[in-house]
Amino acid sequence: MDKDSSVDIVIFGGGIAGLWLLAKLRRLNYSAVLLESGSLGGVQTIASQGIIHGGTKYALGGKLSDASVEIGGMPQIWRDCLNGEGELDLREVKVLSSHQNLWCTRNLSSRLAGFFAGKAMRSRMEAIDRNRLPQLFDHPSFGGDLYRLDEPVLDIPSLVDVLVKQQGRFCFSTDNTTLALDQDKPGRIIINSAAGTIRLQARRLIFTAGEGTTELLSKLGIDRPTAQLRPLHMVMVTGALPELYAHCLEGSANPRITITSHTLADGRQAWYLGGQLAERGVERDRQEQIKAAKSELRATLPWIDLDGTRWSTFRINRAEPKSRSGERPKSCSVHTTPAAIAAWPIKLAFAPRLAAKIITTLNGEKLLPGDADIAALQALPQPPIAQPPWELEKQWS
């Protein structure tokens, strides 16, 4: 049986960008719904290390870059939400660490980069005296410098769970269905499901589907903007490891290695390794990347015992709007067309700013909350919640 449904806004993509935007729009009384063909928490979001960046790594040249200024205010926005005083209530989200550390090895360029970052970022980072080193770095083999960064680290599965608890009733799965976007009437969506055909009419379509946004735009006959991808080859290691949330600095715009800690369902500790290791490891196969990761840890944390550890890797693409030069965008991006809005957060930390930019766009279009009828959509199931890569991995070596 064919059924009709109508809403103000349809969001495509249930990663952090879509979930945050949905929550903001619902609080503003828009009749917004989210469609997801996979899992809530998506692809990029659930693979994130959970760091709410404050721009430290963009100041390694000794001054605050545009990118550093753009992202500098994000940790406080998130902290307000985590304290129940911000635009969303995230008090139930698990905070893995209230801050993270940045350490410099004995390498001269590394230590100089740390010095310049410290001068430029004094309000966001604090040098830790040798007599106050945390236990992990209070070791004779550590001869570098250590800084404390004002950048919290969140448990991403917990973050997704909280947002879904709050707004999950407005998230609908389009898996195992046929979804068509009408080029002649861009706000019209045809959903063919086991329960019948749903004709969904929206006043605005918003795509926050990351890598999938380009394909969705093409269904509307739109060839721009398109996405460019930045692949990563992340590394996971489990064993008797200490808890650590830190970057190792090596004198470039990206940390040599970034480490976050996560507890597996069976209680084991896992380190999740990113940074230059993940970027430069794209051309390596699994075993070569594991070998490189072991080498990096022995070089940067030589006193950590890796005996008995088990290893695996995970590949993920970061999606962002394509630029002529291929450079990374300095901030989140919102592109408006008559048929749809395409948006990329670029980083987890930018989700609040992305939502604010989109809402500003809607206000500029004078799109005010209206009436809605979502009864027909209730026949669609809620999408499942994504699991982090270390919980899904079966091939540990």
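This is a predicted model: local features need pLDDT of at least 70, side-chain atom pairs count only at pLDDT 80 or more; totals for chains, interfaces and linings use all residues.
Residues are numbered from 1 along each chain as its sequence is written, and side-chain values use heavy atoms, with hydrogens and water left out.

Two packed helices are described by the angle between their axes and the distance between the axes. Helices (H or I, at least four residues) and strands (E, at least two) are DSSP runs, numbered from the N terminus. Axes are lines fitted to C-alpha atoms, for helices over the stretch in contact, with angles running from 0 to 180 degrees between N-to-C directions. Helix H1 spans residues 16-27, and its axis comes within 9 Å of that of helix H9 (residues 351-364), the two crossing at roughly 50 degrees. That makes H1 oblique to H9 (under 35 degrees counts as roughly parallel, over 145 as roughly antiparallel, 65 to 115 as roughly perpendicular and the rest as oblique). The H1 and H9 crossing is right-handed; the near helix is then turned clockwise from the far one by less than a right angle, and anticlockwise if left-handed. On the H1 side, contact (heavy atoms within 4.5 Å) comes from Ile16, Ala17, Trp20, Leu21, Lys24 and Leu25, and H9 brings in Ala351, Pro352, Leu354, Ala355, Ile358, Ile359 and Leu362. By class, that gives twelve nonpolar, no polar and one charged residues (Ala, Val, Leu, Ile, Met, Phe, Trp, Tyr, Cys and Pro count as nonpolar, Asp, Glu, Lys and Arg as charged, and the others, Gly among them, as polar).

H1 also meets helix H5 (residues 156-167), with axes that come within 10 Å and cross at roughly 35 degrees. This crossing is left-handed. Ile16, Leu19, Leu22, Ala23 and Arg26 of H1 touch Leu159, Val160, Leu163 and Gln167 of H5, making seven nonpolar, one polar and one charged residues.

On a 1 Å grid over the protein atoms alone, a cavity is a set of points where a 1.4 Å probe fits but cannot get out, a pocket is an open set with protein on both sides within 12 Å along at least five of seven lines, and lining residues have an atom within 4 Å of a point. The second largest cavity has about 30 Å³ of space, and its lining includes Ile156, Pro157, His262 and Trp390. The second largest pocket has about 330 Å³; of its 16 lining residues, His99, Asn101, Pro134, Glu243 and Leu244 lie nearest its centre.

Finally, the backbone. Arg224 and Pro225 are joined by a cis peptide bond, with omega about 0 degrees. Pro225 sits in the loop between helix H6 (213-219) and strand E12 (227-239). Ile346, in the loop between strand E18 (341-344) and H9, has phi near 75 degrees, a positive value in a residue other than glycine.

Terms used:
Grid points are joined across faces, edges and corners, and a volume is the space filled by probe spheres set on the points.
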